[in-house]
Amino acid sequence: MRVRLEYGRTGLEVDLPDARVVRTLAYKQAAPLPDPQAELRRVFASPTGTPPLEQLARGKKSACIVVCDITRPVPNELILTPLLETLAAAGIPRSEVLVLIATGLHRPNTRDELIEMLGQDIVETCQVENHFGLDAEAHTYLGESPNGVPIWIDSRYLTADLKITVGLIEPHFMAGFSGGRKLVCPGIAAWETIREWHSPRFLEHPLADTGVLEGNPVHVENTWIARKAGCDFIVNVVIDDQRRPLRFVAGDMEAAFLEGVAFVREVVSDTIPEPVDVVVTSSAGYPLDTTFYQAVKGMNAAAAIVKPGGLIILAASMTEGVGSPEFRQLLEQYDSLETFLADIDGKPCDVLDQWQLEKLATVCRKARVKVVTAGLSAETLSQCFVETAATVEQAVADALEEFGPETTIAVIPKGPYVMASLAAV
């Protein structure tokens with residue numbers, strides 16, 4: 001069978017043995033919105049849990065709109081165009097609007113990326129600035145959460161009269177789902193906040209997992225932090241497997257987010273009767289698969305349905321390399337993932353991006369990972385605690401020799417965008 005994996009900007013066509021593929025996990029069929037602009041105006045006028053956006057904006061002199069960085073495929077220009085028009089009608093001109101890029105601790109986005117994300121017109125007519133999580137002086141301290149997490153939030157957001165966040169709701173391997181509160185924490189939080197929120201005491205909790213909100217300490221904590229920072233209005237989108245809008249939700253940060261989660265959970269969930277020997281997957285293509293760091297999300301999604309001792313074959317472009325210098329240094333520092341886990345056990349998070357290596361270690365405790373990429377050499381990948389193969393087909397052929405003629409294979413072409421799980425017995 002021929003399958004198209006999401007890989008870079010172009011995709012990757014691979015041939016897999018029909019007889020061994022148990023299931024291809026994918027989105028459920030859902031019709032894209034016929035008129036996204038009209039639907040946006042509708043949810044602005046009739047939001048969930050708040051007054052209409054124009055009413056909220058009336059009398060305000062400035063606005064800060066927080067948007068995701070380049071690693072998330074949010075149709076920002078589509079959303080921001082009518083949003084800015086609504087603000088202007090309420091008396092907030094574009095000159096008084098700051099579009100703040102929620103980089104968290106990611107690198108800043110370049111001008112070309114900003115134009116790709118927002119469109120030339122918005123970049124040239126609004127203030128557009130990156131968040132810098134390591135710039136302590138750019139944040140304001142709001143005290144500690146009940147769990148002792150220090151709350152430092154970008155001062156530009158806090159001083160705006162109207163606070164709006166725009167995001168994408170999709171499965172997230174720590175927080176349950178992205179969107180909603182995540183635009184504030186970690187999106188525009190400082191290192192001091194993120195290091196505690198991403199520390200082992202939160203991430204090692206069994207409910208800190210994909211698709212889980214109730215009882216998930218990662219979700220509970222950043223929801224509390226975002227409420228403390230304040231958020232007047234959110235606009236979140238759910239997209240289909242071709243990145244077309246399926247649903248917009250808007251209004252209260254929690255109520256609208258949960259409305260979107262209920263919808264996306266139905267669309268992106270797929271199951272398989274029992275674990276398989278091999279999972280062939282991706283990291284959802286551009287922009288999520290540009291680094292090994294981000295590709296860990298695809299591995300994590302596949303781990304839910306692979307047998308203990310099985311194999312995950314992941315294809316990702318990794319055109320920007322391994323990830324941050326700190327993440328690369330972590331990979332070079334340890335001779336094994338078990339040594340790393342023992343070293344961080346019971347300690348606060350001290351190193352940027354430590355949490356992603358922690359997630360990789362969790363995956364590798366269950367299964368081996370073999371990576372197919374044109375972006376990194378086999379030598380570099382060997383330092384990332386994974387194996388390599390020249391092609392997906394070769395990786396599968398090797399797996400068939402290893403696991404035998406009855407090898408079972410599952411395929412998740414869109415990687416972490418599909419919430420894969422085992423069917424309830």
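Predicted model: local features only at pLDDT ≥ 70, side-chain atom pairs only at ≥ 80, totals over all residues.
Leu 5 belongs to strand β1, residues 2-5, and its partner strand β2 spans residues 12-15. The two strands run antiparallel and are joined by 4 bridges. Between them, the hairpin has 6 residues, and here Gly 8 takes a positive phi near 55°.

The unreviewed UniProt entry carries the annotation "domain: LarA-like N-terminal" for residues 7-210. In the model, this span is 28% helix and 23% strand, and its end C-alpha atoms lie 22 Å apart.

Next, turn to a pair of helices. Two packed helices are described by the angle between their axes and the distance between the axes. For helix α1 (residues 36-45) and helix α3 (residues 76-89), the axes come within 10 Å and cross at roughly 45°. An angle from 35 to 65 degrees falls between roughly parallel and roughly perpendicular, and α1 and α3 are therefore oblique to each other. The crossing of α1 past α3 is right-handed. On the α1 side, the contact is made by Pro 36, Gln 37, Leu 40, Arg 41 and Phe 44; α3 contributes Leu 78, Ile 79, Pro 82, Leu 83, Glu 85 and Thr 86. By type, the residues of this contact divide into 7 nonpolar, 2 polar and 2 charged.

Now for the sheet. An open sheet is formed by 6 strands in the order β3-β19-β15-β16-β17-β18, with parallel pairing. At its edges stand β3 (21-24) and β18 (387-388); each has a single partner strand, so one side of each is left without a neighbour in the sheet.

Further in, strand β15 (residues 276-282) and strand β16 (residues 306-315) run parallel, and 6 bridges join them. Here you can find Val 278 opposite Leu 311 in β16. Helix α14, residues 354-366, touches β16 and β17 (368-372), and its direction makes about 125° with that of β16. Helix α16, residues 392-403, touches β15, β16, β17 and β19 (409-412). The direction of α16 makes about 165° with that of β16.

How values were computed
Residues numbered from 1 in each chain as written. Heavy atoms only, no water. Axes fitted to C-alpha atoms, helices over the stretch in contact; angles between N-to-C directions. Parallel < 35°, antiparallel > 145°, perpendicular 65-115°, else oblique. Left-handed = near helix turned anticlockwise from the far one by under 90°. Contact = heavy atoms within 4.5 Å. Nonpolar A, V, L, I, M, F, W, Y, C, P; charged D, E, K, R; others polar. Pairing = 2+ DSSP bridges. UniProt positions renumbered as here; feature names shortened; annotations may be inferred.
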